[in-house]
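Please have the sequence and the coordinates open while reading.

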Amino acid sequence: MSSAVTLIRNSRLTQAVDYAYGAVVDAPARSLWLAGACPLDEEGRTVAVGDYEGQAHQVMRNLITVLEDAGAALTDVARTTVYVASGDQADLVKVWDVYRSYMGDHDAPSTLLGVSVLGYDRQLVEVEAVAVLP
């Protein structure tokens, strides 16, 4: 599937990061602004309680489902924000590693944040995204 998103790298900035520094979208384009994907099952229950990686997998599966419903894929994502309810950098890295495994070569610009609490009971992970439809 072709994407309307072109990821931008910059040789004057460190190449040690595993994400692009920007994304360009040529207008006109249809954009999709996704609510934060949460680690909820079809009944609205929080899955993988206490498990950062397990919740990250559910979040990414839910994100993919919304993208597919709009006729898009992860390669159409222009930007994400990854929230992790933890003050421990190791927990953030666990979630980031799962997130990156889904994103593959499409390393869209992203922000990774440790936060004190998320909205659902026992929720540890949330990912919000902006996508541009082909």
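**Salt bridges in the model**

Arg-9 has 44% relative accessibility and therefore counts as partly exposed; the classes are buried for under 20% relative accessible area, exposed for over 50%, and partly exposed in between, with a 1.4 Å probe and protein chains only. The model is predicted, so local features need pLDDT of at least 70 and side-chain atom pairs count only at pLDDT 80 or more, while totals for chains, interfaces and linings use all residues. Residues are numbered from 1 along each chain as its sequence is written, and side-chain values use heavy atoms, with hydrogens and water left out.

Which residue forms a salt bridge with Arg-9? The partner is Asp-107, with the closest N and O atoms 2.6 Å apart. A salt bridge here is a side-chain nitrogen of Lys or Arg within 4 Å of a carboxyl oxygen of Asp or Glu. This pair links distant parts of the chain, 98 residues apart: Arg-9 sits in the loop between β1 (5–8) and β2 (22–25), and Asp-107 in the loop between α2 (89–103) and β5 (110–115). Helices (H or I, at least four residues) and strands (E, at least two) are DSSP runs, numbered from the N terminus. Asp-107 counts as buried because its relative accessibility is 11%.

Helix α2 itself holds both Lys-94 and Asp-91, which lie 3 residues apart, about one turn of the helix. Their side chains form a salt bridge at 3.6 Å, N to O. Lys-94 is partly exposed at 34% relative accessibility, whereas Asp-91 is buried at 11%.

One of the contacts is between Arg-45 and Asp-41, at 2.9 Å from N to O. The count by this rule is 5 salt bridges.
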